Amino acid sequence: KFPVLYMHDGQNLFDKPATAPSEWRMDETSADLIAKAKIRPLIIVGIPHSGETRTAEYLPPVTDSEVLPGLKPQGEAHVEWLMREVMPRVERTFRVATGAENTGIGGSSLGGLISLYAGSRHPEVFGLVLAESPSLRMGKHEYWKALFGSVGAWPSKVYLGVGTTEAGSAPANAEANALYADAVKGLDALLVDKGMDDARLKFVIEADAVHSEDAWAKRLPGALEFLFPAH
């Protein structure tokens with residue numbers, strides 16, 4: 001039986017879709033790491049987003065309309081759907097090692113945000129979280145700090161990744177880049193304050209990396225080796 005990693009934005013994990021500039025190369029990378037005995041053999045489930053309604057689909061419950069005015073969050077329903085329909089279907093079909101210690105959830109950008117929400121609300125289900133470039137600056141960003149600051153128990157392992165030029169390398173983006181990186185640094189500091197040590201928390205900030213599939217693909221080996229190390 002094998003651990004499972006449920007990944008958001010399934011369209012760009014294993015192939016380059018027409019709507020994205022690149023892909024995560026998740027199949028090639030994981031196969032290589034398994035062959036080299038650097039990670040446990042695992043099952044990776046790519047969950048495609050819903051297209052035009054992706055923002056609402058991946059948006060955690062928002063009580064303050066200033067975060068994204070006029071948008072009704074569907075993130076909680078999405079996470080419930082994962083647990084109610086997707087996970088049982090996968091477990092019926094494949095040789096799955098169950099339990100939070102064998103169950104990861106991940107994604108990038110909004111996919112990283114909803115993965116953090118799923119893990120923070122259901123650590124008994126999702127014990128491993130992979131969050132690349134999570135959208136912690138969306139709308140009224142203080143909301144996300146309050147949301148995650150209120151969490152009592154976090155999953156057993158959390159991986160956070162971000163670049164220093166998420167908004168692009170142009171000088172005009174300097175402030176946006178600093179704010180984006182600082183938001184993820186802030187979450188890392190919050191988790192440290194919650195008692196998570198290096199064995200449970202890995203934070204990678206990559207110089208000059210932008211908000212792209214290529215950046216997430218580059219950091220993927222380190223994320224998988226941290227979350228699914230070979231025994």
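1. Buried here means under 20% relative accessible area and exposed over 50%, with partly exposed in between (1.4 Å probe, protein chains only); helices (H or I, at least four residues) and strands (E, at least two) are DSSP runs, numbered from the N terminus. The model is predicted, so local features need pLDDT of at least 70 and side-chain atom pairs count only at pLDDT 80 or more, whereas totals for chains, interfaces and linings use all residues. Residues are numbered from 1 along each chain as its sequence is written, and side-chain values use heavy atoms, leaving out hydrogens and water.

2. In helix α5 (residues 142-149), the buried residues are Y143, W144, L147 and F148. Because they cover an arc of only 120° around the axis (taken from the directions from the helix axis to the C-beta atoms), they lie on the same side of α5. Exposed K145 and A146 sit on the face turned away from that buried side, while the cover over the buried residues includes α4 (110-121) and α6 (174-193), where contact means heavy atoms within 4.5 Å.

3. Strand β4 (residues 128-132) has five of its five residues buried, so it is largely enclosed by the rest of the structure. L128, L130 and E132 point one way from β4, and V129 and A131 the other way.

4. Strand β3 (residues 103-108) runs parallel to β4 and is joined to it by five bridges, pairing being called when DSSP finds at least two bridges between two strands; S108 has E132 as its bridge partner in β4. Strand β5 (residues 157-163) also pairs with β4 in the parallel sense, over five bridges, and there L130 stands opposite Y159.
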